[in-house]
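Trainee: Could you walk me through this one? I have not looked at it before, and I would like to take it slowly.

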Amino acid sequence: MSINTRTRNTLAGRHPELTAPQLKPFGAKKARSREALAGILFVLPTLIIFGLFKFLPIFGAGAMSLTEYSLNGDFEFLGADNYVRLAEDPNFWQSLRVTFLYVAIFVPFIIAVSLAGAVLLDKLVRFTGTFRALLFIPYLSSFVMAGIIWTWIFSTDGPLNAALGGLGMGPVPFTSGPQLLVLLSLAVVSVWKGFGYSMLIFLAGLKAQPAEVHEAARIDGAGAWKSFWYVTLPLLKPVVFFVLVIETIVGFQVFDTIYVMTGGGPARASHSLIYFLFDEGFKFFDFGYASAIGVVLFVIVLILSLIQQRFFEGKDSK
Amino acid sequence: MTATLSTPAGGRHPAGRPVQGPAGHSPRRNTEKRRQRTLTWVLAVISLFTVAPLIAVAVLALSPADAPTLPYALPSSLTLDNIVRIFNVGEFPLWLWNSFLYSAVSVVVVLLTASMAAYALARKRFPGRNALLWAIIATMMVPVQATLIPTFILISKMGGVNTLWGLILPTLANAQAIFLIRQFVRDMPEELFDAARIDGAGEWRTFWQIVLPLIRPVLATLAIFVFLWHWNDLLWPLVVGQSDAARTLTVGLATLNTETASTSNVMAATLVSFIPCLVIFALLQKHIVASITHSGVKG
């Protein structure tokens, strides 16, 4: 966090020694402690809320993951037992496999769609605002709503299977068939609901590119495709990376659509990590074990966040 | 708009207009016209994919019961019967009210507490300030699902399960809001606060009459996103609102969908749940787009 330019250029910013003491030659110490008191009072509500509902649960998650914790508050210290149990639990590995598979489908999918949308919008001259709105609208819906709509679209008597039936093809079990098909169907729903956000980020990145570079490419005889591949995309790399990390984190947290559409099935084919956590916590009330799953999720997201931060810091220092 | 448009940059830099022939119907201009037409058609088809499911919800929700409707036919007439029915039968109005309180109360409290904290963290020197700021920012790296269990245990010990306050309280800790507002307050000129001090304004008056009016734009943006986030939230309400007393719309919808409720009822409820989001978008579209664009550039 750098000192911002506006304060730096004020008198106070250039000569910090001139301001406070000059304005208050007497009682500066008193003013200082008054300021501290005001600061603490202003921050107090946040301190209480964060202390109770962020800091405490974060430590609680770590602590609970080392215990067997029951609903009435009794607990027994187990050490690393929950983690050993995780490592030996085929359901955990299944949920991890499901989640990674889902991320592998969802992330390239949503990046391709949002990038394509942004490139098309960027080149469009008229009705840009209208189309931007039409493409963005699904982002306002909830994953629950998206799940309900697409359950209907994918169902045996839904429009998709009606169309396939018209072509003489049997009903496709989009949400109850083979694992890859189910995960793909779930990814379609999340992409439909979520791509508007990344599209706008890409669009901003494209608008920030200097027109001269593209003009130079055109004069050199590059066509639209070549110009995109060799000029636009390399210039967009930091934005692509940013979106990649954000959407990967979103992908690892997939839950709502699974809850609404498949219930983790068929036969655990879509039993994601969060679904596993939810099941262990609120179906079997195995709170210690579920906390350990939460810690695993935290570690995965932390690694992703650190990669992102390292990348952005590296870019800033150049 | 002239031949500039054939640059991939799409004519948004009128000053950087490239070398071009005399104005007129050059072949390049015609190709560009054709390209724009193709582009419009492609985007129209994509828009169909994004919007058609929403239109289908509306059609299904407004279709008369037992009449042929999507996907095999279009209903011959539309009716509000389904919507009237869900308001009269079952707990739907209560869910709607709970969702509204969950979202509205959270918006107000988050914006107020976050602005106060942001002001103190940006402008006041007090012991532990940097540690607190660091700790708040660090919580952004912890996904909410990772602390779901301990938060639930805490709320259950406080007796907050199946209550609205138990639903709302833990979601009031919003690090993004503090972080965003703090950047705004930090960028305000120091002279403003000097002037307030000289005029004898107290701490609270300075905050209320100087800081708050100046951060209105960022508050508006945050209000939209905090509202949408709460309105659309599922996991926490699902865990803490197990009875109708604290059940939100998303949880109710998810239950309706798994139960044997008729498609027309589920779709009517879904349509009603989407209307507030649509209204917000229609009114504040520019704001939403600008803020996402901004956050994207800033990272």
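This is a predicted model: local features need pLDDT of at least 70, side-chain atom pairs count only at pLDDT 80 or more; totals for chains, interfaces and linings use all residues.

Trainee: What is F202(A) in contact with, leaving aside its neighbours within four places in sequence?

Mentor: With those neighbours set aside, F202(A) is in contact with S114(A), L115(A), A118(A), V239(A) and V243(A).

Trainee: Let me step back to the chains. How many helices and strands are in chain A?

Mentor: Chain A comes to 15 helices and two strands, and buried residues make up 42% of its 318 residues. Of the contacts in chain A with a separation of 6 or more, 68% are between residues 24 or more positions apart.

Trainee: And what about chain B, how many helices and strands there?

Mentor: Chain B has 13 helices and zero strands, and 39% of its 299 residues count as buried. Among its contacts between residues at least 6 apart in sequence, 69% join residues at least 24 apart.

Trainee: How many residues does each chain bring to the contact between them?

Mentor: Chain A brings 91 residues to the contact and chain B brings 90 residues. On the side of chain A that touches chain B, helix α4 of chain A, residues 28-64, gives the most, with 21 residues. That side of chain A divides into 61 nonpolar, 20 polar and ten charged residues.

Trainee: Where is the kink in α4(A)?

Mentor: The kink, of about 45°, lies at L44(A), shortly before the proline P45(A). As for burial, the buried residues of α4(A) include F42(A) and V43(A), and also T46(A), I49(A), F50(A), F53(A) and K54(A).

Trainee: Now the other α4, the one in chain B. Which of its residues are buried?

Mentor: In helix α4 of chain B, residues 129-139, the buried residues are L132(B), L133(B), I136(B) and T139(B). Seen down the axis of α4(B), these fall within an arc of 125°, so they line one face of the helix. The face turned away from that buried side carries the exposed residues N130(B), A131(B) and W134(B).

Trainee: What do the buried residues of α4(B) pack against?

Mentor: They pack against α4 of chain A, together with α3 (92-123) and α7 (175-186) of chain B.

Trainee: And α7 of chain A, which residues are buried there?

Mentor: In α7 of chain A, residues 128-136, the buried residues are F131(A), R132(A), L135(A) and F136(A). Viewed down the axis of α7(A), they fall within an arc of 130°, so these residues line one face of the helix. On the other side of α7(A), G129(A) and T130(A) are exposed. What covers the buried residues of α7(A) includes α6 (90-123) and α10 of chain A, together with α1 (27-62) of chain B.

Trainee: Changing topic, where does UniProt place the feature "transmembrane region" in chain A?

Mentor: The unreviewed UniProt entry places that feature at residues 36-56, 100-121, 133-153, 180-206, 227-252 and 287-307 of chain A. In the model, residues 100-121 of chain A are 100% helix, with the end C-alpha atoms 31 Å apart, and residues 180-206 of chain A are also 100% helix, with the end C-alpha atoms 33 Å apart.

Trainee: Which residues of chain A carry the "domain: ABC transmembrane type-1" feature?

Mentor: The unreviewed UniProt entry places that feature at residues 96-308 of chain A. Over residues 96-308 the chain is 76% helix and 0% strand, and the end C-alpha atoms are 22 Å apart.

Definitions and conventions. Residues are numbered from 1 along each chain as its sequence is written. Chains are lettered from A and ligands numbered from 1 in the order in which they are written. Two residues are in contact if their C-beta atoms, placed from the backbone, lie within 7 Å. Helices (H or I, at least four residues) and strands (E, at least two) are DSSP runs, numbered from the N terminus. Ala, Val, Leu, Ile, Met, Phe, Trp, Tyr, Cys and Pro count as nonpolar, Asp, Glu, Lys and Arg as charged, and the others, Gly among them, as polar. The bend at a residue is the angle between axes fitted to the seven residues ending there and the seven starting there. A residue is buried if 20 or more other C-beta atoms lie within 10 Å of its own, exposed if 12 or fewer, and partly exposed in between; C-beta atoms are placed from the backbone. UniProt positions are given in the numbering used here, feature names are shortened, and annotations may be inferred rather than shown by experiment. The arc is that of the directions from the helix axis to the C-beta atoms.
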